[in-house]
Structures are given as C-alpha cells and as structure tokens.
Amino acid sequence: MRSVLYKCLILIAILSLRALPASADACGYTGVRIEGAQAVEEKAACASIEKLTVYFRSIGIESAAPTIHFYFKPEVILPGTETRVHGYFDTDDNSIHMTHFEGQAGRMPWGFVWSEAMASSFLLHEVAHLFAISYMGGDFRKLQRHWHEFLAYSLQIELMDPELKQRLLQFNGGATAFEKPGDVSSMHYEMDPDRYALRAYFSTQKWGGVTFMKNLLNRKIPESLVTR
Ligand SMILES: [Zn+2]
C-alpha cells in the first residue's frame, strides 16, 4: 500500500550533532524505538507520547500502546523528492524522521526564534499524526490530507509549552477561525502552513474544542468533506 507522508515543507539548516545510542523499548513502551536522538530529543519524543495519551484519554479515547520508530538525523529529505524538511511521519512503517532540533535553528515559524519548546511542538505534531491514524486505522485515508494537518496543528498548539502557546496566541498574525468546516481547504494549507495552523486551532476552539476534535477523529464532519 502506498505510504502517506505527513510533513511540513520548510527549509532548514544542517548541523551535525552527537547522538545517543539507539534505544529500544523507549519511553516505557516495547513498540517505541528511538535512534540518533540527543537526550533532549528523546525526552521530547516521550513527552509527546505522554501528552497525547493523556489528551486522547481526556476525550474518551484509550489509545493503544504506540508502535513507532523515531529517527533523528542531521537532515531529512522527503522520500521521492529533493526537498529538505524538518520531519515527516511515514504511515507505511510507522516511522517519524526528524531533523535534529539544533539543526533547524534558522527556522522561524510564525516569525518566532527557534527554541527547544518550538522544536518539541513540531515533534508532537508528527506524533499527533501517529495517534490520529492509529485510532482511525484503515479509515484514515477517508479523512482528507488537509484535515489531518488541521488536526495535527490543532493538537500541536493545544499541547505546546504553555508560555510559548500564550505568546503565539497573543501574536496570532491576524489569523482567525474559519467560518465553517466547508471553508477549510487544501489551498489554505499549501499557501501558508503557519497561518493554517493558527486558523485550525482557532476553528477547533470555535466549533466545540474537544468535542469537535473527537468528531474529527471519528470523521463526523460534513459528508462532503470526507473522501470515499
Ligand atoms: Zn503534519
């Protein structure tokens, strides 16, 4: 089956870093492996799993123990392209490929200086894809790709470091919620992922918060927005 790659197309700088040895049974789960990580990256990977487990439980979803292989590398190229990306999640083999946190220091999402908290939030974004897709099973393809990004960005902002979240929401760049789900489109995502992320978060809040998130995970959004 063709794999689906969830990524963010943002160019990054390269920096070689010393890595910890690969760790199997990471984060206390037999299905989690972490390779090439620095200590701070391994900690952030485990924190992402923990935060999403707690969040899903809070909306009544008991997640299965995660099965995921994290690879942290000096640079990550999106397969089948020559595009350097900060990271991506591959549904084919449940792997997350991430550029080292420090190797992305030139990035300025939302115009903010790169930081450990920011890097951790983008790692959580990829883990959010994993949790959503694991929950949906084979049906995950029925939810359009930009809705998967909508979901992951909403969770990224919802669960990011509280101080960073406060600054981001205060800044907001003039982004507002979409008026209705039918207005959400792939064009908005492709044109400006940073803005789309904020609009996704504000829309989730406006349309019911955790209730909307649960509906989205169960694809209970207007019929026309779900592919068959
Ligand atoms: Zn994504």
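**Ground rules.** I'm working with a predicted model, where local features need pLDDT of at least 70, side-chain atom pairs count only at pLDDT 80 or more, and totals for chains, interfaces and linings use all residues. I count residues from 1 along each chain as its sequence is written. Helices (H or I, at least four residues) and strands (E, at least two) are DSSP runs, numbered from the N terminus.

Is C27 buried or exposed? C27 is buried, because it has 20 C-beta neighbours inside 10 Å. (Buried takes 20 or more other C-beta atoms within 10 Å of a residue's own, exposed 12 or fewer, partly exposed in between; C-beta atoms are placed from the backbone.)

Then I went to W110, in the loop between β7 (95-99) and α2 (116-136). W110 also has a positive phi near 60°. With 16 other C-beta atoms within 10 Å, W110 comes out as partly exposed.

**Helix α2.** After α2 comes G137, with a positive phi near 60°.

**α1 against α2.** I noted that the axes of α1 (residues 39-58) and α2 come within 9 Å and cross at roughly 50°. (Axes are lines fitted to C-alpha atoms, for helices over the stretch in contact; angles run from 0 to 180 degrees between N-to-C directions.) The pair is therefore oblique. (Under 35 degrees is roughly parallel, over 145 roughly antiparallel, 65 to 115 roughly perpendicular, the rest oblique.) Residues in contact (C-beta atoms, placed from the backbone, within 7 Å) include V40, A44 and L52 in α1 and L123, V127 and F131 in α2.

**α3 against α6.** Next I took α3 (residues 145-158) and α6 (residues 193-206), whose axes come within 8 Å and cross at roughly 80°. That makes the two roughly perpendicular. Which residues of α3 meet α6? I listed F150, Y153, S154, Q156, I157 and E158, facing Y196, A197, A200, Y201 and T204 in α6.

How values were computed. Contact = placed C-beta atoms within 7 Å.
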